[in-house]
Amino acid sequence: MPTCVPIRDMKNTATFAQLVEEAAGPVTVTKNGYDAFVVMRSGEFEALQQELAQARLLARMTQAEAEYASGRYADGRTFTERMRAEYGA
């Protein structure tokens with residue numbers, strides 16, 4: 001069950017911190033009945049960041065494998081030569 005609290009509940013910081021620690025997931029804070037922001041434990045946030053980084057890396061690796069399989073790639077030396085020729089370094 002998602003946890004949702006009005007922004008005024010943040011005034012009592014000790015109680016709010018305890019709520020966040022005990023919640024099964026992120027806590028949604030509302031203002032005037034609309035989502036204002038989400039609060040979560042730092043460990044959950046770090047795990048989320050790690051998961052997103054891994055997903056981006058996997059997507060890039062999949063793209064690189066597809067480029068390699070289709071022949072749309074250049075080795076390091078060829079790439080460097082093209083860049084020097086184009087940008088004059």
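This report describes the fold, overall dimensions and surface of a predicted protein model.

Residues are numbered from 1 along each chain as its sequence is written. Local features need pLDDT of at least 70 and side-chain atom pairs count only at pLDDT 80 or more, while totals for chains, interfaces and linings use all residues, and side-chain values use heavy atoms, with hydrogens and water left out.

The protein has three helices and three strands, in the order β-α-β-β-α-α along the sequence. Helices (H or I, at least four residues) and strands (E, at least two) are DSSP runs, numbered from the N terminus.

The radius of gyration, taken over C-alpha atoms, is compared with a globule rule of 2.2 Å times the number of residues to the power 0.38. For 89 residues a compact globule would have a value near 12 Å, but the protein has 24 Å.

| Property of the protein | Value |
|---|---|
| Span of the C-alpha trace along the principal axes | about 65 × 30 × 25 Å |
| Radius of gyration | 24 Å |
| Accessible surface | about 7500 Å² |

Carbon and sulfur atoms hold 56% of the accessible surface, an area from the Shrake-Rupley method with a 1.4 Å probe. Of the 89 residues, 13% count as buried, that is, under 20% relative accessible area (1.4 Å probe, protein chains only).

Helix α3 covers residues 76-87. The number of buried residues among its 12 is zero, so α3 lies largely in the open. Gly88 follows α3 and has a positive phi, near 60°.

Technical notes:
Buried < 20%, exposed > 50% of the residue type's maximum accessible area, 1.4 Å probe, protein only. Expected span 1.5 Å × (residues − 1).
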